[in-house]
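Work through the exercises below with the sequence and the coordinates at hand. Each task is followed by a stepwise solution.

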Amino acid sequence: MRAAALDRFGGPEVLGIQTVSVPTCGDDEVLVRVAAAGIGAWDWMEREGQMAEMIPGGPKFPYVPGADGAGEIAAVGKNVKDLKVGDQVYGSAFMSSKGGFYAEYVAVKADLAAKVPKGLKVEQAAVLAADGLTGLLGLEEHLQIKQGQKLLIFGASGGIGHMAVQLAKRLGAKVLAVASGEDGVELARRLGADAVAEGHQNDLEKVCRDFAPDGFDAALVLARGDAAEPLLKNVRKGGRIAYPNGVEPAPKGPDGIEAKAYDGIPTPQVMKRLNELIEAGPFHLEIGRLYALEEAAKAQQDVLKHHLGKYAMKLQ
């Protein structure tokens with residue numbers, strides 16, 4: 001099969017098209033014919049070898065990256081019960097010893113795969129197993145968002161952020177979305193945020209006070225923590241602040257409120273919950289750009305610049 005792979009860790013130049021073996025499908029795995037792969041803001045770190053110690057048994061070359069994606073099941077292991085050949089699924093292959101989604105086929109643990117939610121195209125679902133899950137875990141598990149609570153989402157127009165706005169509304173929150181650029185503001189407004197502000201405007205602290213005079217119940221920080229810190233002073237005593245690991249610099253909460261870091265770890269329960277929330281009504285997934293497999297190195301560089309939503313790579 002064709003894959004965007006590396007023979008050694010390094011800069012963008014080490015990532016190129018190679019012919020590699022189709023991975024074997026284990027008893028508890030599904031083999032997915034990849035339709036699209038998500039491009040993660042962390043993919044460059046994986047390419048440079050900064051995550052190598054997380055791979056079971058260490059990295060093997062040629063190395064195929066790609067944490068998340070979606071496609072059609074081509075084969076199922078003998079212990080797999082709930083999925084069958086032909087199902088359209090999305091899944092996570094984060095730090096898999098068998099390689100990731102930057103390839104025509106990927107082997108995924110069956111409990112890290114879920115059917116594509118109704119109403120989404122397969123290339124849209126390709127970005128759910130990393131960014132979608134990370135947004136949902138932040139909102140429900142770490143911030144414990146409840147009906148009527150006031151929530152600040154800082155970084156609301158990115159991959160995680162634009163999904164978090166919609167998920168938070170489904171959970172009943174009142175959302176102030178701080179987005180990047182006029183295009184980001186327009187997107188957050190379209191997605192149903194109760195109020196929207198541009199991250200570089202001068203009166204952000206006033207916007208926060210006007211929106212939540214008694215303070216925010218919670219804040220989800222998805223972009224530069226140092227820029228978010230002046231706004232986090234508006235989180236009330238007893239409120240909660242969370243941010244995914246990888247947000248740099250990490251935000252510090254005001255006195256008496258800890259800003260908690262977390263990982264977006266996929267589980268069958270979270271994927272089921274994510275599907276339920278997405279299928280509850282029209283849900284928009286902003287794929288800012290679709291790249292070809294040959295453009296994998298460019299995509300990894302472009303994702304570090306201003307963009308809306310999530311970037312993905314189309315393979316079929």
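Predicted model: local features only at pLDDT ≥ 70, side-chain atom pairs only at ≥ 80, totals over all residues.

**Exercise 1: the domain interface**

Solution. Residues are numbered from 1 along each chain as its sequence is written, and side-chain values use heavy atoms, with hydrogens and water left out.

Step 1. Between domain 1 and domain 2 it is about 830 Å², with 54% given by carbon and sulfur atoms. Glu286, His306 and Leu308 supply 47% of the area that domain 1 buries against domain 2, more than any other three residues.

Step 2. Look for salt bridges (a side-chain nitrogen of Lys or Arg within 4 Å of a carboxyl oxygen of Asp or Glu). The rule finds one across the interface of domain 1 and domain 2. Lys310 forms a salt bridge with Asp131, and their closest N and O atoms are 2.9 Å apart.

**Exercise 2: the nonpolar cores**

Task: Which residues have the most contacts inside the largest nonpolar core?

Solution. Step 1. A nonpolar core is a set of buried Ala, Val, Leu, Ile, Met, Phe, Trp, Tyr and Cys residues joined through side-chain atoms within 4.5 Å. Buried means under 20% relative accessible area, exposed over 50%, and partly exposed in between (1.4 Å probe, protein chains only).

Step 1. The largest such core has 53 residues, and Tyr90, Leu128, Leu139, Leu151 and Ile153 have the most contacts inside it. Domain 1 and domain 2 each give this core at least three residues. A second, separate core has 39 residues, including Leu6, Val34, Ala93 and Ala297.

**Exercise 3: the faces of helix H8**

Task: Where do the buried residues of H8 lie around its axis?

Solution. Step 1. Helices (H or I, at least four residues) and strands (E, at least two) are DSSP runs, numbered from the N terminus. In H8 (residues 268–278), the buried residues are Val270, Met271, Leu274, Asn275, Leu277 and Ile278.

Step 1. Down the axis of H8 these buried residues fall within an arc of 165 degrees, so they line one face of the helix. The arc is that of the directions from the helix axis to the C-beta atoms.

Step 2. Exposed Gln269 and Lys272 sit on the face of H8 turned away from its buried side. The buried residues of H8 pack against strand S5 (88–92), strand S7 (113–115), helix H3 (128–142) and helix H4 (159–170).

**Exercise 4: a proline in a loop**

Task: Is Pro251 buried or exposed, and which residues does Pro251 touch?

Solution. Step 1. Pro251 lies in the loop between strand S12 (235–244) and strand S13 (259–262). Its relative accessible area is 4%, so Pro251 is buried.

Step 1. Not counting residues up to four places away in sequence, Pro251 touches Val221, Gly225, Glu229, Leu232, Tyr243 and Ala259. Among these, Gly225 and Leu232 are buried residues of helix H7 (residues 225–232).

Definitions and conventions. Contact = heavy atoms within 4.5 Å. Domains from an automatic or database assignment. Buried area = accessible area lost by both parts, 1.4 Å probe.
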